[in-house]
Amino acid sequence: MQQKYLSKKIQLVVLFTLSGICAIAQGNSKIATPPGLDNNINLKVYQQAVGLGDYATAVHAVHYLIAGDPVKYANWVDTLAVLYLQEGAYQQAYIISNQQVATKGYTEMRMQVKAISAKNLQQPVEAIDAYKILFDKTARPGYGFEELQLEYGIRRLGETVATGNKLLQVIPAGDSTIVTMAKMDGKTAQQVTLKAAVHNLLGLAYIDLKDKDDAVAQLNEALKETPDFEQAKNNLTVANAVVAEKKN
């Protein structure tokens, strides 16, 4: 019961937003606009639709561009994946980004679209693989945290411990990155430091691995980072209770 309850309390946090993906692609915070603008009516429709936030229409415009001249507008395939992601059409975004990675090779944008799409499609193994590649290549803590949460979510406990410890090594000293975690009522949330959230997940993994001493140590570290961290307090109580039972 405890393990099932705790698993529901872990919220997945996307630290890199869609605007961040587009910034990776084009060096700015707007929807990616590949080179090759001309007087094509579909280009005008695309620009007008994106300006209005009408991504469904923008998707249609890009499809017409690529179908009309697949050589000239080959670079727009990545934009199409980003637009589908913006719409919440995760299946289409995943298919395109996966094909692009397979045929054109890795880019951070392609792999991030693939990772986010897979996670939203409830494909944790595919999402873990994508986030692992992103974390290994960039050492960005946000990718590592996504990988960590997904690994614990499907109880890959050994990988959770390995990823968590690796993540703690790359989070800068004094880092003030904040993530949102659910409170114990399941209805409200609180903000904690990224490092506290990592220690909390490591504590949970160690509880599941029956390594109570390490669980208590990790949860105490989480509370040093964020003293009012409700999840960590609850998990520490659980860990200490189990330790007491073991000693008795």
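Visitor: Which residue takes a positive phi in the hairpin of strand 1 and strand 2?

Guide: That's Gly186, with a phi near 75°. This hairpin has six residues between its strands. Keep in mind as we go around that the model is predicted.

Visitor: What makes strand 1 and strand 2 a pair?

Guide: Two strands pair if there are at least two bridges between them. Strand 1 (residues 178-182) and strand 2 (residues 189-193) have five bridges, in the antiparallel sense, so they pass that test. Take Ile178: its bridge partner in strand 2 is Thr193.

Visitor: On to the rings. How many aromatic pairs does the structure hold?

Guide: Three. Let's start with Tyr46 and Trp76, whose ring centres are 4.9 Å apart and whose planes stand at 80°.

Visitor: Why is the pair of Tyr46 and Trp76 called edge-to-face?

Guide: Centres within 6.5 Å make a pair, and planes over 60 degrees apart count as edge-to-face. With 4.9 Å and 80°, Tyr46 and Trp76 meet both conditions, so edge-to-face it is.

Visitor: What does the pair tie together?

Guide: Tyr46 lies in helix 3 (residues 41-51) and Trp76 in helix 5 (residues 76-87), so the pair ties together parts that are 30 residues apart in sequence. Ring pairs also bring in Tyr73, linking Tyr46, Tyr73 and Trp76 into a cluster.

Visitor: Are Tyr46 and Trp76 buried or exposed?

Guide: Buried means under 20% relative accessible area. Tyr46 has 1%, so it's buried, and Trp76 has 0%, so that one is buried too.

Visitor: Why is the pair of Tyr131 and Tyr143 called tilted?

Guide: Their planes are 40° apart, with 6.4 Å centre to centre. Under 30 degrees would be stacked and over 60 edge-to-face, so an angle in between counts as tilted. Tyr131 sits in helix 8 (residues 124-138) and Tyr143 in helix 9 (residues 141-153), so this pair ties together parts twelve residues apart in sequence. Tyr131 is buried at 3%, and Tyr143 is buried at 1%.

Note on methods: Residues numbered from 1 in each chain as written. Predicted model: local features only at pLDDT ≥ 70, side-chain atom pairs only at ≥ 80, totals over all residues. Heavy atoms only, no water. Helix = DSSP H or I, 4+ residues; strand = E, 2+ residues; numbered from the N terminus. Phe/Tyr/Trp six-rings, centres within 6.5 Å; stacked < 30°, edge-to-face > 60°. Buried < 20%, exposed > 50% of the residue type's maximum accessible area, 1.4 Å probe, protein only.
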